[in-house]
Amino acid sequence: MGARDISFASFNLLNLHLPGKPIYGDTDGWDQDIFAMKVDFTARALTRLGADVIGVQELWAKDALTDSLEASALADTHELLVPEDHADNKIICAAAVRSDMIVDEPEWIKDFPEEFVLQSTGDDPQQPDISVALSGFSRPVMHLKVQPDSRTPVIHVFVCHFKSRRPTQIWRERSWYDKDVHGPHANALGYAVSTVRRTAEAAALRVLITKLTKKTDTPVVLLGDMNDGKDSNTLNVLSEQPSYLSPLSSGGGDNALYTAQTMQEYRSTRDVYYTHVFKGQRESLDHIMFSQEFYDNSKKRLWAFDEMLVQNDHLNYDDHKTSGTNDHGIIRVGFRWKPELDGTS
C-alpha cells in the first residue's frame, strides 16, 4: 500500500478481561487457560488484520489487550489508546492505532450533544406527545484523529458500541414493575426499551458527525458494533440513507455516511457478509461507515474503496466461552489514495 493509503478494522473482543476478574454477574471471570487462548486468538486476529486503525469493543482491562498486542505482529507499530482513568470495571471502546498516524489525544464521549432532543407533539392531531429522556451513551463513543501522511487531511474516527437487541430486563425496575401486570409482556416491553435506547444513541452520534461534516470537507470514519443490520433504522439514522447508484464521480452526500458492506456487495455476486450468528440466523451487526471523501462516486473523493474482508470462520462454532474466540466477525476495510479532482495516485 502507498504512504497515503489507510485501512480500518472493527473487533468486538467478547469481554476481554484479565483472568479471575469479575465480568458482570460472573464473579470468577475467565480462568487462566481460557484467558491464554483469548490472548492467542486476539493476537492472531490483530496480526491478520494488519489494519492501521483497529477499533475494539468489550474491552475490560487494558493489560489484557496489551498482552494480545505484544504477542502480535503489530507490537512495534501500533499504540493502544485507552482512557487514562479506566478502572477495569466496565467495558469500553478503545483502539490500536499505528503510532505514526495518531493526531492529538483521543476522547471518550459520554454525554449526548446539547442539540439532541427527542420530543414531539406529533405530525398530525391523532398522534399523542412523545418525549425520550435519555442523556448519554451506554458505552462512551471513542473519538480519535489520524493522518496517514502529511499530504493528506486529518481523518476523524469514531468507535461505537450501541445497546444490544436483547430485551432490557425490566423486571429489575422496582419503581413500577409488577410481575402480574407487566410480566406477561416483559419481552415486548424490554425489546422496545432496547430499541429506543439504540435509536437514541444512533441519533446522538449522527448529530456529532453532522456537526463535523455538514458544509465541510472533513473525512470521517465510523466503525463498531452497532447491533443492527445495514437496512435497519439504526443505520438509516447514522447514514442519512445516501444514494449509491449514481454515475462515476457525480455523487456524494455532504454529510452522508456510506457503508462498506454495500460497497463490497457491488463487487460480489451475492451478499456473503455476516458478523454474528443467533439461533442459526446469520446477520451483520458490525459495520464500517465513511463520509464522501472515501466514496468512489463522490466529486470530493480522496480515497477509493479497495476491499472489505471479514474474519468469521470462528462463528461456525458456538464455543466462544471455552475456545477463546469472540462471538462477532471481525471486519477490515482498506482505502487507496485516489483523489477525484487531480487524479494523483
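Angles between axes under 35 degrees count as roughly parallel, over 145 as roughly antiparallel, 65 to 115 as roughly perpendicular and the rest as oblique. The model is predicted, so local features need pLDDT of at least 70 and side-chain atom pairs count only at pLDDT 80 or more, while totals for chains, interfaces and linings use all residues. Residues are numbered from 1 along each chain as its sequence is written, and side-chain values use heavy atoms, leaving out hydrogens and water.

**Exercise 1.** Determine how the axes of H1 and H2 cross, and which residues make the contact.

Step 1. Helices (H or I, at least four residues) and strands (E, at least two) are DSSP runs, numbered from the N terminus. Axes are lines fitted to C-alpha atoms, for helices over the stretch in contact, with angles from 0 to 180 degrees between N-to-C directions.

Step 2. The axes of H1 and H2 come within 8 Å and cross at roughly 55 degrees. The two helices H1 and H2 are therefore oblique to each other.

Step 3. H1 contributes Phe 35, Val 39, Thr 42, Ala 43 and Leu 46 to the contact, and H2 contributes Ala 64, Leu 65, Asp 67, Ser 68 and Leu 69; contact means heavy atoms within 4.5 Å.

**Exercise 2.** Identify the buried residues of helix H2 and what covers them.

Step 1. Buried means under 20% relative accessible area, exposed over 50%, and partly exposed in between (1.4 Å probe, protein chains only).

Step 2. In H2 (residues 62–70), the buried residues are Ala 64, Leu 65, Ser 68 and Leu 69. They lie on the same side of H2 because their arc around the axis is only 135 degrees, taken from the directions from the helix axis to the C-beta atoms.

Step 3. The cover of these residues includes strand S1 (6–16), helix H1 (32–49), strand S2 (53–59) and strand S3 (78–81).

Step 4. Within strand S2 lies Gln 57, which counts as buried at 0% relative accessibility. Apart from neighbours within four places in sequence, the contacts of Gln 57 include Ser 10, Cys 93, His 161, Asp 225 and Asp 286.

**Exercise 3.** Classify the ring pairs Phe 112 with Phe 137 and Phe 294 with Trp 303.

Step 1. Rings of Phe, Tyr and Trp (its six-membered ring) pair if their centres lie within 6.5 Å; planes under 30 degrees apart count as stacked, over 60 as edge-to-face and the rest as tilted. The structure holds 14 aromatic pairs.

Step 2. Phe 112 and Phe 137 have ring centres 4.8 Å apart and planes at 80 degrees, so this pair is edge-to-face. Because Phe 112 lies in the loop between strand S5 (102–111) and strand S6 (119–120), and Phe 137 in strand S8 (residues 136–146), the pair ties together parts 25 residues apart in sequence.

Step 3. For Phe 294 and Trp 303, the centres are 4.8 Å apart and the planes at 15 degrees, so the pair is stacked. Phe 294 is buried at 0% relative accessibility. One aromatic cluster is formed by Phe 8, Phe 290, Phe 294, Trp 303, Phe 305, Phe 335 and Trp 337.

**Exercise 4.** Is Lys 215 buried or exposed?

Step 1. Lys 215 is in the loop between helix H4 (186–213) and strand S10 (220–225).

Step 2. Its relative accessible area is 75%, so Lys 215 is exposed. Lys 215 has a positive phi of about 60 degrees, although it is not a glycine.
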